[in-house]
Amino acid sequence: MNSSASFEILESLQADIVELIDRLPTLKHRQFIQQALATIVRLADDEIDRLDWKILSAALADMEGGFQLFYGYRHVRKVTIFGSARLAPETPEYQMAVEFARAVSQLGFMVMTGGGGGIMQAGQEGAGRDNSFGLNIQLPFEQQANPFIEGDPKLIHFKYFFTRKLFLLKESDAVALFPGGFGTQDEAFECITLSQTGKFGPVPVVLIDPPGGDYWRSWSEYINHQLVAKGLVSPDDPSLYTITDNLEVACNAITHFYQVYHSSRYVGEQLVIRLKQDLSPTEVEKLNDNFSDILVKGKIEKSQILPQEGQDETSELPRLVLYFNQRDLGRLYQMIGVINEMCTPSPEEAAHPERK
């Protein structure tokens, strides 16, 4: 790049920054934009390597593409499918993944995969191009996009695995894992670890075998024998996931999770659980009777939107608020299961479990 072109780019950037600063007081998310700009300014004054700047700029470019792609689909729930890239179309695991993806897409959910072959291709084949996202990774070999998503505007290529994984989890409202190798095992343990520590979800995590398969059942035996029995994880932690070889059970694990439960977030020290339907005082008292052990103080109480939530899109939804201990996530998942049994969804809600 010659000096003249470089100077023109600098001038354009300077004008953009000046305009942004002028508009900052009127922007909706000005607090976070200001924090991001301040971080860049501080880094510019520090001594960090050229490689660090390359990582930062490439990661931001990855995130820019992801944010722009998913914003238009933010009100549709999505299911991320993980599994082996090596399984051929004639295998029972591949066929089960096709059937599962087809079933959840018919329920209204969209499907996300890594965009490659094997189980990823099966997910795209079952869901169809219109209901699919492919989050591919740029590699010097392998990992070409599968033919069911190739050329679609919902196929995005990431430079880094960590930014790709960020969006595969950030945008997902459920995770389905099929048999696979080290990568699938890594994804399974990461999803469960993030769920166990409250860094992901709550969302349903379903480990799916083909009919009669024992991949995940054998995995579960190891977890119970080596981790649960030896006190290395909580006895309630297996509540964080569902293992099945039945297509109907797998789909129900996802749709039922959102029967009454909508979403949750923390406001200060309180966990706010948003619901699709209001619970009666008797039902809330039942929750207090059965789940007081997960509270650090106070009781589970009904609430409307809290002042600190601002202009939240879920402002009309009823809420439960509680001082959750942020430790017993398996028990929290059990409580969500009980909440989902307390009400019958309206015909409209039952017909559209995918709506956020």
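Predicted model: local features only at pLDDT ≥ 70, side-chain atom pairs only at ≥ 80, totals over all residues.
**Entry 1**

I began with the strands and found an open sheet of seven, in the order S4-S3-S2-S1-S5-S6-S7, with parallel pairing. As a reminder to myself, strands of a sheet pair through backbone hydrogen bonds, either parallel or antiparallel. Which strands sit at the edges of the sheet? They are S4 (155–158) and S7 (242–244), and each pairs on one side only. On average, neighbouring strands here are turned by 20 degrees against each other, direction ignored.

Next I looked at one pair. S1 and S5 run parallel and share four bridges. I picked out Val79 and found its bridge partner in S5, Ala174.

**Entry 2: helices on the sheet**

I then checked what lies across the strands. Helix H6 lies across S1, S2 (110–113), S3 (132–137), S4 and S5, running at about 160 degrees to S3. Helix H9 (residues 247–255) also packs on the sheet, where it touches S1, S5, S6 and S7. The direction of H9 makes about 175 degrees with that of S6.

**Entry 3: helix H7**

I tested the length of H7, residues 182–196.

Which residues of H7 are buried? I noted Thr184, Glu187, Ala188, Cys191, Ile192 and Ser195. Looking down the axis of H7, I saw these buried residues fall within an arc of 120 degrees, so they line one face of the helix. They pack against strands S1 (78–82), S5 (174–177) and S6 (205–208), and against helices H6 (161–170), H8 (215–228) and H11 (329–341). Just after H7, I spotted Gly198 with a positive phi of about 75 degrees.

**Entry 4: Ser195**

I zoomed in on Ser195, which is found in H7. Its relative accessibility is 1%, so Ser195 counts as buried, since the cut-off is under 20%. What does Ser195 contact, leaving aside neighbours within four places in sequence? I listed Phe200, Val205, Leu240, Leu329 and Tyr333. I also looked at Asp237, 42 residues away along the chain from Ser195; their C-alpha atoms are separated by 9.3 Å.

**Entry 5: cysteines**

How many disulfides are there? I counted zero, taking a disulfide as two cysteine sulfur atoms within 2.5 Å. Cys191 is in no disulfide, and the nearest cysteine sulfur, that of Cys251, is 18 Å away. Cys191 has 1% relative accessibility and therefore counts as buried. Cys343 counts as buried too, at 12%.

Notes. Residues numbered from 1 in each chain as written. Heavy atoms only, no water. Buried < 20%, exposed > 50% of the residue type's maximum accessible area, 1.4 Å probe, protein only. Helix = DSSP H or I, 4+ residues; strand = E, 2+ residues; numbered from the N terminus. Arc of directions from axis to C-beta. Contact = heavy atoms within 4.5 Å. Pairing = 2+ DSSP bridges. Axes fitted to C-alpha atoms, helices over the stretch in contact; angles between N-to-C directions.
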